[in-house]
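Please look over the sequence and the coordinates below before reading on. The briefing that follows is arranged by topic.

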Amino acid sequence: MSASEIADDVRSGRRSARDVLEEHLARVDEHEGEIHAFNLVLADEARAAADSVDAAVGAGSDPGPLAGVPIAVKDNMATRGIATTCGSRILEGWLPPYDATVITRLRDAGAVIVGKTNLDEFAMGSSTENSAFGPTRNPRDPSRVAGGSSGGSAAAVAAGFASLAIGSDTGGSIRQPAALCGVVGMKPTYGAVSRYGLVAFASSLDQIGPFSNSVTDAALLLEAMWGHDPLDSTSIAQPLPAVGSVLDDGVAGLRVGVIEELTDVDGIEPEVHAAVEAAASALADAGAKVDRVSVPSTMFGLSAYYLIAPAEASSNLARYDGVRYGLRVDGDDVAAMNAATRNAGFGPEVKRRIMLGTYALSAGYYDAYYGQAQRVRTLIIRDFDRAYEQFDVLLSPTSPTVAFELGAKTADPLAMYLSDVCTIPTNLAGHPAISVPFGTGAYGLPVGVQVLAPALGEPVMFRAARAIERSSP
Amino acid sequence: MISREDVVHVARLARLALSDAEIEAITPELAAILEHAAELSALDTEGVPPTAHPLPLVNVFRADVPRPGVERDEVLAAAPQAEDGRFRVPRILGEAP
């Protein structure tokens, strides 16, 4: 059931938030053992939250736009007094002393938090196989991955454990799992949603965004949580545009560009390519002007990203030193304790990225690797700027492939990284993008089509996404 | 090409006590990733300024007024070891025992 229907029903007293929650918890009881979407199910807390929503309705007040909507939260967002693991052993036993701003906003909007979802450790990965607590399985085919890093959030929505979920997207970590699980996933413009309380991975790229069963629900959730937050200095201070009210404005006259370098290239499965073509045709049928566009430097996004993101991560993850929170492994002195703690607490992918980032920032290599990646980032932004002079939105696949089998890419880090080739350029530019389910590909598995827009172009992006959704097979 | 010595050096900088087996495994992995990333060097970026951040933000200030922060005891409760309102750590390298 859609989040907007649930909220309408709960606000008007047609259904109780408690009944809605129990239906979702029953599905968790039945299938969570197989799927492993959650690191922690908060059944008692959720029941108390649902009951207080119902009490508010009973007393004649309005609990908010997400009244009684069960929502799942990625386990890298701080929840006061509730374990927040980031899928890592190194945060073992840590109970955050504060709530992330998004958590506060969700509660204020009447949402009911059902649990903390599994993720690749510190959001580093594309399959949720890098979690210290075991992988999440794809509800559409449990022999396959849910994508990542927000695989638990995508799976929770796809399995009906929650009506909505939130994740974080640094290089595609919302959109790629959304595509693989057949749900909607959206990365907002950088700075649109507060990062306060989101455990940092790569601060210039990280952004929180929604998962949902529909484009309309994604807009509903986005509008409930975005907007300026003084606790995040990188939060956008200007008023943000209305999205929900323009969703169904259609695409007549809209200029849509299909990105050649992310669509018409080797590595994109034929069925995925066909889905993008079909979505483009559907937009043209609805009155949009559709053309191919070249955004050449997006081809280099992956390489730039895998220097910039690890460089930022190596700095951000320096805080896990065995002093202030989580795990400590003893050593003879502080340096030995730090190194022993970090080696025991981090998994292989996190170590790989810390090593890569430290190397890219080290004396003698800084300019050739990190500096060059930052300059290429500028080239990518310039290429997007040129494309958006001619087009309102751009189109590409979300993921080059449908969901792959567990273990298929774990032995080859570079092959895993290629899962994000289509989603990374938007993060480097700070732009918004959304993945919309559009039919099925190989093995009958879901395919996602990605709509990209310039900074704060969410209204036009959502209009195109809604039109694609309407025409989805 | 990244060497075993480079990896040992970087692990020390990154405060990771990698085992010998981990060093053996990670060296070729890092080499493969860096080899892929080397494609960037082919791009002409002469005169192109670096982008460190997608928003043109400079010096974001707030009013300099006191406000409640996170409770000290709650923070220390999350630490592996604390004592007298402070984090407790092993001795610092070079100190007398």
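Where in chain A is the place of A:Thr398? In this predicted model, A:Thr398 belongs to the loop of chain A between strand 11 (393-397) and helix 14 (413-417).

**Surroundings of A:Thr398**

- A:Thr398 has 32 other C-beta atoms within 10 Å, and because the cut-off for a buried residue is 20 or more, A:Thr398 is buried.
- With neighbours within four places in sequence left aside, the contacts of A:Thr398 are A:Arg175, A:Gln176, A:Ala179, A:Cys422, A:Thr423, A:Ser435, A:Gly448, A:Val449 and A:Gln450.
- A separation of 8.9 Å lies between the C-alpha atoms of A:Thr398 and A:Val272, although these two residues are 126 residues apart along the chain.

**The sheet of chain A**

- Chain A holds an open sheet of 11 strands with mixed pairing, and the order of the strands is 1-3-2-6-8-7-12-13-11-9-10.
- At the edges of this sheet are strand 1 (38-41) and strand 10 (289-293) of chain A, each of which pairs on one side only, and neighbouring strands of the sheet are turned against each other by 25° on average, with direction ignored.
- Strand 2 (residues 70-74) and strand 3 (residues 112-117) of chain A pair in the parallel sense over five bridges, and A:Ile71 has A:Ile113 of strand 3 of chain A as its bridge partner.
- In strand 8 (residues 208-212) of chain A, five of the five residues are buried, so this strand is largely enclosed by the rest of the structure.
- Strand 8 of chain A pairs in the antiparallel sense with strand 6 (residues 164-168) of chain A over five bridges, where A:Ser168 has A:Ile208 as its bridge partner.
- Strand 8 of chain A also pairs in the antiparallel sense with strand 7 (residues 184-187) of chain A, here over two bridges, and the bridge partner of A:Val184 is A:Ser212.

**The nonpolar core**

- The largest nonpolar core has 177 residues, and those with the most contacts inside it are A:Ile71, A:Val112, A:Leu283, A:Val393, A:Val451, A:Ala464 and A:Ile468.
- Helix 10 (residues 301-316) of chain A gives this core its largest share, which amounts to nine residues.
- Not counting residues up to four places away in sequence, A:Val451 touches A:Val393, A:Leu395, A:Ala433, A:Ile434, A:Val436, A:Met461, A:Ala464, A:Ala465 and A:Ile468.

**The contact of chain A with chain B**

- The contact between the two chains takes 56 residues from chain A and 46 residues from chain B.
- On the side of chain B that touches chain A, helix 1, helix 2 (20-37) and helix 3 (72-77) of chain B each supply at least two residues, and helix 2 of chain B gives the most, with seven residues.
- By class, the residues on that side of chain B divide into 33 nonpolar, six polar and seven charged.
- Helix 12 (residues 348-361) of chain A and helix 1 (residues 4-13) of chain B have axes that come within 9 Å and cross at roughly 100°, which means that helix 12 of chain A is roughly perpendicular to helix 1 of chain B.
- This helix contact is made by A:Met355, A:Thr358 and A:Tyr359 from helix 12 of chain A and by B:Val10, B:Ala11 and B:Leu13 from helix 1 of chain B, with five nonpolar residues, one polar residue and no charged residues.

Terms used
Residues numbered from 1 in each chain as written. Chains lettered and ligands numbered in written order. Predicted model: local features only at pLDDT ≥ 70, side-chain atom pairs only at ≥ 80, totals over all residues. Core = buried A, V, L, I, M, F, W, Y, C linked by C-beta atoms within 7 Å. Buried ≥ 20, exposed ≤ 12 C-beta atoms within 10 Å, placed from the backbone. Helix = DSSP H or I, 4+ residues; strand = E, 2+ residues; numbered from the N terminus. Contact = placed C-beta atoms within 7 Å. Pairing = 2+ DSSP bridges. Axes fitted to C-alpha atoms, helices over the stretch in contact; angles between N-to-C directions. Parallel < 35°, antiparallel > 145°, perpendicular 65-115°, else oblique. Nonpolar A, V, L, I, M, F, W, Y, C, P; charged D, E, K, R; others polar.
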